[in-house]
Amino acid sequence: MDGGGVKRCSRCGEHKPRAAFASNKSMPGGLQAYCRECSAEYYRQRQEAKGKKVREKVFVPEGHKRCPQCEVVKPHSERERNTSTSDGWASYCRACRAERNRVSYFKRKYGLTEAERAALIASQRGVCCICLSAPAVHVDHCHKTGRVRGVLCFNCNSAIGLLRDDPETLNRAADYLEGNAWKPTLVAPGVYQLPS
């Protein structure tokens, strides 16, 4: 340790101010042996020797943060608050966070990856399986088994959901629309005969 608040880096041999060294309470003087720049270079070399890639340090101005997914430096206004992080802002920008949440939702709820969902939509030529006209957007699944049946438009998915996924109810609805309304015949007081 040199006097006057200066320390010599044992890697590069330069004399640098104490602020150029990270703290380490187990070392004499309470500072690392290498300066911050040499420590970063040494870390990078060790990681590359293991076959790992080290992200280059990017300048981030005050009031901004780098998104690890899109790798763009964005202002805090494009992020959510997160009290569990050191700076109080979410790591991912709003757009990337929404994308990650969507991908996570399909994997968690239906067991589908983004590629599997895209393949399912492509196999339907991008249209709803029921109406064959609206774009396929909503994943439809059996509520009893959890098995994915296809991808439907919002209206068709809502319709079969409101009819409780019951094929008999759907058949009666189809008969009704074709003009064959279900009209029971009164045989005796309180006794109705169902149409065949």
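A pocket here is an open set of points on a 1 Å grid over the protein atoms alone, where a 1.4 Å probe fits, with protein on both sides within 12 Å along at least five of seven lines; lining residues have an atom within 4 Å of a point.

**Ground rules.** I am working on a predicted model, where local features need pLDDT of at least 70, side-chain atom pairs count only at pLDDT 80 or more, and totals for chains, interfaces and linings use all residues. Residues are numbered from 1 along each chain as its sequence is written, and side-chain values use heavy atoms, with hydrogens and water left out.

**Entry 1, the largest pocket.** I looked up its lining. I found Ala40, Glu41, Tyr43, Arg44, Val54, Arg55, Glu56 and Lys57. I then sorted these residues by type: 3 are nonpolar, 5 are charged and none is polar. (Ala, Val, Leu, Ile, Met, Phe, Trp, Tyr, Cys and Pro count as nonpolar; Asp, Glu, Lys and Arg as charged; the others, Gly among them, as polar.) The space inside comes to about 300 Å³. That volume is the space filled by probe spheres set on the points, with grid points joined across faces, edges and corners.

I took strands and helices as DSSP runs numbered from the N terminus, with helices being H or I of at least four residues and strands E of at least two. Two strands pair if DSSP finds at least two bridges between them. β5 covers residues 138–141 and β6 covers residues 148–152; they pair antiparallel over 4 bridges. I checked two positions across the pair. Aspartate 140 has glycine 150 as its bridge partner, and histidine 141 stands opposite valine 148. There are 6 residues between the strands, and glycine 146 in this hairpin has a positive phi near 85 degrees.

Which residues make up the largest nonpolar core? I listed Phe106, Tyr110, Leu112, Ile121, Ala136, Val139 and Val151, 7 residues in all. Such a core is a set of buried Ala, Val, Leu, Ile, Met, Phe, Trp, Tyr and Cys residues joined through side-chain atoms within 4.5 Å. Buried means under 20% relative accessible area, exposed over 50%, and partly exposed in between, using a 1.4 Å probe and protein chains only. Leaving aside neighbours within four places in sequence, tyrosine 110 is in contact with Tyr105, Val139, His141 and Val148. Contact means heavy atoms within 4.5 Å.

Most residues other than glycine have a negative phi. I noted leucine 132, with a positive phi of about 55 degrees. Leucine 132 sits in the loop between α3 (114–123) and β5. Is leucine 132 buried or exposed? Leucine 132 counts as exposed because its relative accessibility is 60%. I also noted arginine 164, with a positive phi of about 60 degrees. Arginine 164 lies in the loop between α4 (154–162) and α5 (167–177). Its relative accessibility is 66%, so arginine 164 counts as exposed.

β7 (residues 185–188) and β8 (residues 191–193) run antiparallel and are joined by 3 bridges. Alanine 188 stands opposite valine 191. The hairpin has 2 residues between its strands, and glycine 190 in the turn has a positive phi of about 85 degrees. I looked up threonine 185, which belongs to β7. Threonine 185 is partly exposed because its relative accessible area is 45%.

I took C-alpha to C-alpha values. Threonine 185 and cysteine 93 are 92 residues apart in sequence and 64 Å apart in space. Histidine 64 and cysteine 93 are 29 residues apart along the chain, and their C-alpha atoms are separated by 11 Å. Histidine 64 lies in strand β3 (residues 64–66). At 30% relative accessibility, histidine 64 counts as partly exposed. Not counting residues up to four places away in sequence, histidine 64 touches Val73, Lys74, Pro75 and His76. Glycine 161 is in helix α4.
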